[in-house]
Amino acid sequence: MVVGEVSTTPPEAIAPMIERAHRAYLAWREVPLHRRVEPLRRLKRLILQERHAIAELIAREQGKPYIEAMIVELFPPLDVSAFLMHEGVRLLQPRRVRSKNPFFSDRRSTYYFHPYGVWAVIAPWNYPFTIPMTQLMALTLSGNAAVLKPSPLTPLTGAKIVELFQRAGFPEELVQVVQGGAPQGAAMLDHPTVRGVIFTGSVPVGRTVAEQAARTHKKVILELGGKDPAIVLSDADLQHTAQGIAWAAMVNAGQTCASIERVYVEQPLYEPFLNALREQLAQIRMGHPMSRTVDMGPLIAPFQCERVQRHIQDACAKGGRVLVGGRVRADLGELYHEPTLVADATDDMLGMQEETFGPLVMVQSVESAEEAVRKANASAFGLTASIWTRDRRKALQLAPQLECGSVSVNSHIVAYGDSYGVWGGFKDSGVGRTHGEFGLYELVQPQYVSEVYTGKPELWWYPYSERVHRITDWLMEFLATPSLRMGGTTLRRLLPELRYLTRHFTPTKMSGGLIRYLR
Ligand code: NAD
């Protein structure tokens with residue numbers, strides 16, 4: 001069904017767009033932070049006003065149910081804009097550096113946070129609104145410009161995002177949209193004026209993007225694929241766990257980077273858990289995404305169905321048991337795939353190794369939590385993970401052992417929903433972060449400004465002498481092993497040199513610095 005039409009951007013039109021974005025950036029970076037918030041506030045209002053139409057567009061173009069689009073695509077941008085307007089503005093203000101280094105006790109140092117310039121935002125189809133929208137909000141607040149390239153599978157949502165930015169009153173050309181696929185993405189990455197790229201997509205394309213971006217030394221943030229594990233301990237609340245895992249495995253028909261694809265269950269709870277999860281999955285209602293009583297819509301394209309089928313067939317050939325689902329629902333349409341549960345999964349199955357990115361969850365029994373952690377970590381991916389247990393002590397002992405960017409206990413993907421959380425992966429799942437404090441600081445270049453007005457030459461300037469050697473030697477000893485005793489020894493040693501030292505330092509400030517260094 002045709003939902004709409006857009007024109008592909010000719011690759012030769014991209015360089016002029018980037019140059020216009022750069023001009024917009026040069027003016028925008030001069031706009032004070034408190035004024036950059038104004039269009040962001042209007043953008044937030046626009047999203048709220050148009051939330052129903054935006055959710056409908058996403059449902060029709062991408063296929064997730066309308067209600068799900070409201071929850072997973074519209075909540076986060078509204079929350080992120082609030083985070084940026086309050087915390088973001090605070091975090092981007094110049095900040096005093098509280099150095100304890102006694103050498104620099106007579107001066108003031110400050111961090112300033114500078115934008116990079118024009119960014120390429122290359123986005124996937126699975127969350128076509130929330131991902132680029134939240135990235136663009138943070139980029140513009142921090143003074144950058146951006147050219148967005150949505151996936152060719154969801155161009156209308158991409159165009160809608162840029163339309164909203166323009167209507168909110170951001171400077172024209174500050175946020176622009178390029179429509180197309182790999183050739184357009186490559187043209188953006190080739191341009192030397194693009195100083196940063198946020199790429200969200202698959203691992204292989206992410207690698208190509210990073211290689212290409214390296215040629216012009218662009219800052220690169222990669223948000224890549226996942227193979228997220230859930231660890232179910234034997235004391236877990238069975239119903240709560242099954243309900244939570246069913247949702248986190250099947251939300252957006254499993255086409256979520258952080259969807260649960262592997263479940264490791266402690267042996268005593270294995271069979272009861274399988275029964276509970278089977279019950280949950282069997283209740284999922286499939287149908288047209290605009291229906292209000294549907295939990296799951298179609299997959300994005302035939303290649304997605306084929307991959308899910310390939311993983312199911314491979315699992316069956318290796319001894320897996322399909323407890324629920326397993327088929328394409330041709331009666332609903334060629335893209336509707338049943339939520340599928342494979343029990344007795346083994347480590348060699350494709351569905352336990354490769355990203356499935358569809359409505360398939362594989363479950364394996366393990367002897368202990370430690371074995372579960374070992375298996376969870378035995379993957380090239382490391383996006384998120386979850387632990388399901390009533391035992392807080394155990395959860396907090398296991399969480400730091402998991403090699404991934406965020407861990408939820410008795411829930412999943414919480415880090416994306418909470419605008420204060422940080423988003424990103426370990427290992428092949430990504431480089432750098434988006435969202436929250438750490439994500440915001442990825443988009444700016446910290447600059448350290450140090451001021452001194454005493455007019456005294458630094459101790460280490462020319463000419464070198466025996467005396468300089470002596471003093472630096474003593475100070476070196478003190479800095480490496482600061483203690484009260486060492487402080488006393490250093491002061492005793494420095495006392496005869498006081499006249500010489502005052503030529504370089506203000507003595508009160510220097511002694512204050514030495515005392516602060518002891519803390
Ligand atoms: P993809 O890698 O096929 O494409 C992503 C984007 O890159 C698209 O816009 C595409 O047109 C563009 N592209 C393709 N080739 C390019 C090239 N050579 N140069 C520049 N751009 C190019 O991914 P997809 O199928 O759209 O999305 C699914 C993948 O994204 C999954 O692996 C999923 O796990 C991952 N993903 C990760 C996150 C995250 O936050 N970590 C979020 C969503 C999706």
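Figure 1. Apart from neighbours within four places in sequence, alanine 24 is in contact with Glu172, Glu173 and Leu174, where contact means heavy atoms within 4.5 Å. This is a predicted model, in which local features need pLDDT of at least 70 and side-chain atom pairs count only at pLDDT 80 or more, while totals for chains, interfaces and linings use all residues. Residues are numbered from 1 along each chain as its sequence is written, and side-chain values use heavy atoms, with hydrogens and water left out. Alanine 24 belongs to helix 1 (residues 14-28); helices (H or I, at least four residues) and strands (E, at least two) are DSSP runs, numbered from the N terminus. With a relative accessible area of 11%, alanine 24 is buried, a term that means under 20% relative accessible area, as against exposed at over 50% and partly exposed in between (1.4 Å probe, protein chains only).

**Figure 2. Glutamine 280 and its surroundings.** Glutamine 280 lies in helix 10, and it counts as buried because its relative accessibility is 19%. When its neighbours within four places in sequence are set aside, glutamine 280 is in contact with Gln239, Ala242, Gln243 and Ala246. Between alanine 24 and glutamine 280 there are 256 residues of separation in sequence and, from C-alpha to C-alpha, 51 Å in space.

**Figure 3. Helix 10 and the elements around it.** The 13 residues of helix 10 (residues 270-282) should span 18 Å at 1.5 Å a residue, and this agrees with its end C-alpha atoms, which are 18 Å apart; the expected span is 1.5 Å times one less than the number of residues. Buried residues of helix 10 are Tyr270, Phe273, Leu274, Ala276, Leu277, Gln280 and Leu281. The elements against which the buried residues of helix 10 pack include helix 9 (238-250) and strand 8 (228-232), together with strand 9 (260-266), strand 10 (321-324), strand 11 (340-343) and strand 12 (360-366).

Figure 4. Three strands, in the order 1-2-16, form an open sheet with antiparallel pairing; two strands pair if DSSP finds at least two bridges between them. The edge strands, each of which pairs on one side only, are strand 1 (95-96) and strand 16 (444-451). Strand 1 and strand 2 (residues 108-115) are joined in the antiparallel sense over two bridges, with arginine 95 opposite tyrosine 111 in strand 2 and arginine 96 having threonine 110 of strand 2 as its bridge partner. Strand 2 also pairs with strand 16 in the antiparallel sense, over eight bridges, and here tyrosine 112 has glutamine 447 of strand 16 as its bridge partner. In a regular strand, side chains alternate between the two faces of the sheet.

**Figure 5. The chain that holds these views.** The protein chain has 20 helices and 16 strands, and its C-alpha trace spans about 90 × 55 × 40 Å along its principal axes. Of its 519 residues, 56% count as buried. Among contacts in the protein chain with a separation of 6 or more, 74% are accounted for by residues 24 or more positions apart.
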